[in-house]
Amino acid sequence: MTTAARPGLRLLFGQPVNKMQGSVTPQSVLGPQADDERQRIRREFEAGVSARQTVLALCALADQKTQQVFEDALQTHTLSSSGLCLVALGGYGRRLLFPYSDLDILFLFGTEKAEQTFRPLISDFSRTLWDMGFRVSSAGRTIEECKRIEEDNIEFHLALLDRRFLAGDTELFNRLDTRVLPTSEKAARPFLLAQLHKLTKDRLNRYGNTIFHLEPNVKDAPGGLRDYQAAAWLRQISENKQSLNITAAEEDLASGAVDFLSAIRCFLHYANGRNDNTLTYELQAAAAERSLGVSDAETRNAAEWMRLYFRHARTLNRLLLRYLEQKALVPQTFRQRIFNVARGPKTEPTNGRPFGVRDGMFEVLNQPALSDRSQIFSMLTEAARAGIPLSRQAERCIAYIMQHPELTVSNAEVSWSGLREMLGADYPGFALRPMQRLGLLTEILPEFSRIDSLVVRDFYHRYTVDEHSLRTIEHLQELADPPDERAEHFQPLWRTVDRRDLLIFALLLHDVGKGMPVENHVAGSLEALASAAERLKLSEEEVAEVHFLIERHLDMSATMQRRDIFDPATVSGFAATVGNQERLQRLCLLTYADIHAVNPEALTPWKADMLWQLFVATSNHFSRTLDRDRVHAPDETSLLEQVRIVLEGGTTEEIERFLEGLPRRYLAVHSANDIAQHIAMYRKLKTEPVQIELRPSGRAFSLTLMTADRPSLFATIAGVLAGWGMNIIKADAFANAAGTVVDTFHFADLHRTLELNPTEIDRFRRSLVDVVNGRAPLQPLLQGRDKASRERPPKVAIETKFGFDDNSSEHSTLLEIVATDRPGLLYDIGSTLARLWCNIEVALIDTEGQKVIDVFYLTEQGKKLSPEKQSALFEALRTKLG
Amino acid sequence: MMKLEAIIQPSRFESVKDALREAGIEGMTVTEVRGHGRQKGHTEVYRGREYTVDLLPKIKLEMVLPDKLVNTVVDTILKTAKTGKIGDGKIFLSRVDEAIRIRNEERGENAL
């Protein structure tokens, strides 16, 4: 506690005071007596006496010596105690005095005159106690001053809540205790409550809002003894003391946790010889060795003993959070009170579900319904989707269901498709964090229990391994609203990343190996992935992606710190390891999150910048080398074999014929299964020259179209999609050596035409085939849409930019276009290119919100575009796109 | 005693650190810095936005050395930090009058 002494009193302590005259018990006796007693208490603690008895004994010693020195001082100064009393405050007031804690004492004066009279006595008294080894932290107030709430010294008022009579004028203390403070505390209750909320939240924030520190402070960190005290103060100040319904069992649990942490705090004080409450690695080992705070005879190593610590810390932290979750009382105006009464509680409609959102948090409205486990997962998925946390009430309801095995539980199995939805949402941490607290995460992913509360000694990491893993995910979801400049570059990557679910799954497992008996933790994490993937039934492609992310999770960090990222050879080498843009984006986000979650200072702006530079250089390498790296099919022996196994009746020659000459990106973004499907379409080209595959993909559709290359093909397909009101999000256009085109379009069905009218899917396919084959005109399709799309102004205006690059490719001119997205844009671009006889060798189409970023590899009669052609194209595009 | 400040490529840092340790140097201060000398920056374009990298990332090493070790340390840094390309960095040396260990108030080279 910090109790600010009044200025007058502070001056008084600073003045030279005459040596204490005629002390009844000389200092030469008192000091050694106190020391002997302290040594005795310490020996007893080390011999196994409980911390509770130890702090009581220390308190009794302090009480006895304080009273004795006070009595002696009165005698020496020939004063009676009338008009002065000593009040124990804070921890000392609660009789919880740790070996090197301060003695918080209030000198309470009846009047200002009394204050003047007792100054010399107080000075002598305080010095004597200091000389005896007591760390006195004192404050002085008149009883009149205690009626006022000092708004800038809330700590003093909180300490007063634990007041206890120590010595002196009992009548004065009774006035303070029964008349003055109850009145002022009642009047200031909303203020005290609000301030206590603020102080507590600031403290929790200072420690990153987690109990899982590798070297925790057992007093102040979340889960420390201060949490318990803050909860006790909140209960004491709160008007409605019964509202939380803390059960007797919960009280017992908290009491056990306080005993355990008190034992650690005594141990730390004795070991450090000062009021230092940090449980360092060395002292963790020493505490584990002597089974500190543990009554069973089991032998535990430091990591196992720390798991006990975290279990107790979690109990205290949960208790505090329950109190904190109750709304802080703040004084309201009459108008606000009327408004709130009229409005009622903010509860959103539940749509028949057993849970709903109340005051910005999910609450359970029908607890028995939660025995259907799918309802719990539904609530968690909603939380992840909307970024709305679960209330403590909701967590307690779930915990109740989980702790009562006699309740019949249905739908306990979680499918990968359900989990995917949660992991792929915008705020997966809002589900995963309570799942970890409740034990649901390890139920679904038992591999995660390997790192539960696991301390791995490391100079850089600040948190336990499970906490680090969850923090990586929370740092990513924060990118929705970047908290600082380090995050700004990475925000668009998070928003547009493909298969976010796989990235989050990889983050959950990337360090699990640290809890396994393996030499290299990555190998252990991959082993964990194998078992989790088998149980959850991930597809082969999904396993391969997560495997890559876990196996390579340190590569990007190592490359940016140990290689010259401005050297093209470094970039191309790294690009070869990563393979494609989508993986690069996931690996970059994983690296960003992994460094960020090491400790709050680990991701310096310098490191964030280096990571971004490497990402940009590699990304540009991918988009600028597309037509340089072509597939030479006979070299791809392993892939040929994989495709041959999947493809029914396929020969190696047939597969080679199809793959030969495709850009390597085609292999990077398509699995062996995809390739086999494409070859099946390739076979049918002989009978039907336009092959289409259309499938839903999340909330969008994915279209693959295969046909022989022909002029304006890309523009035609884009035109049909625009005509049907489809907005193209991504597209790839590839061609093999034989001139067979494989174009893939991901598009959003803006008017939900295909979703709401399944019969339209066939008409859409026919329309596409007919227009591409030249059997139907495109123009009528476009006319209706054209007018509608031009009437809608864009929400965000993006400056249109065109960039030509003749250097990156040996055969083509690269054209990069950045513009505001609108339906039909790609058709406008494609038709302009076709009109000027530009052949699209490769195209990469992407969107980021309302911004489109298109890269075209263009040739004219097999050569790069001439400067004149570039200039004509620039003018034509500028006219068309504005 | 001499104070040595070296600005080196981040990619060479691990090698320099290991070589210095082998040469018997254990204490150093390391700072992530940005700057440029003759190695000017460059411009990258990503998704239509230009990113000018005019200040390049470097690592700054600082250490105070007894006179007898200065040449060894300089040679070690030169050998391990050099790639031969522009941007390898620089070493600065300056004289130091006094060093004091705060813990026990030792002075001079004993404090290093």
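Predicted model: local features only at pLDDT ≥ 70, side-chain atom pairs only at ≥ 80, totals over all residues.
1. On the domain layout of chain A, the assignment gives four entries, namely domain 1 (7–187), domain 2 (210–325), domain 3 (445–624) and domain 4 (685–881). The C-alpha centres of domain 1 and domain 2 of chain A are 28 Å apart, and 13 residues of domain 1 are in contact with 11 residues of domain 2.

2. On the domain 1 side of that contact in chain A, the elements giving two or more residues are helix 2 (27–46) and helix 3 (51–76), and helix 3 gives the most, with 4 residues. By class, this side of domain 1 has 8 nonpolar, 3 polar and 2 charged residues.

3. Elsewhere in chain A, the axes of helix 29 (residues 637–646) and helix 30 (residues 652–659) come within 10 Å and cross at roughly 115°, and the crossing is right-handed.

4. In chain B, an open sheet is formed by 4 strands in the order 2-5-1-6, with antiparallel pairing. Strand 2 (29–35) and strand 6 (89–95) of chain B are the edge strands, each pairing on one side only, and the twist from one strand to the next averages 20°.

5. Within that sheet, strand 1 (residues 2–8) of chain B pairs with strand 6 of chain B in the antiparallel sense over 7 bridges, and Met2(B) stands opposite Arg95(B) of strand 6.

Methods: Residues numbered from 1 in each chain as written. Chains lettered and ligands numbered in written order. Axes fitted to C-alpha atoms, helices over the stretch in contact; angles between N-to-C directions. Left-handed = near helix turned anticlockwise from the far one by under 90°. Pairing = 2+ DSSP bridges. Domains from an automatic or database assignment. Contact = placed C-beta atoms within 7 Å. Nonpolar A, V, L, I, M, F, W, Y, C, P; charged D, E, K, R; others polar.
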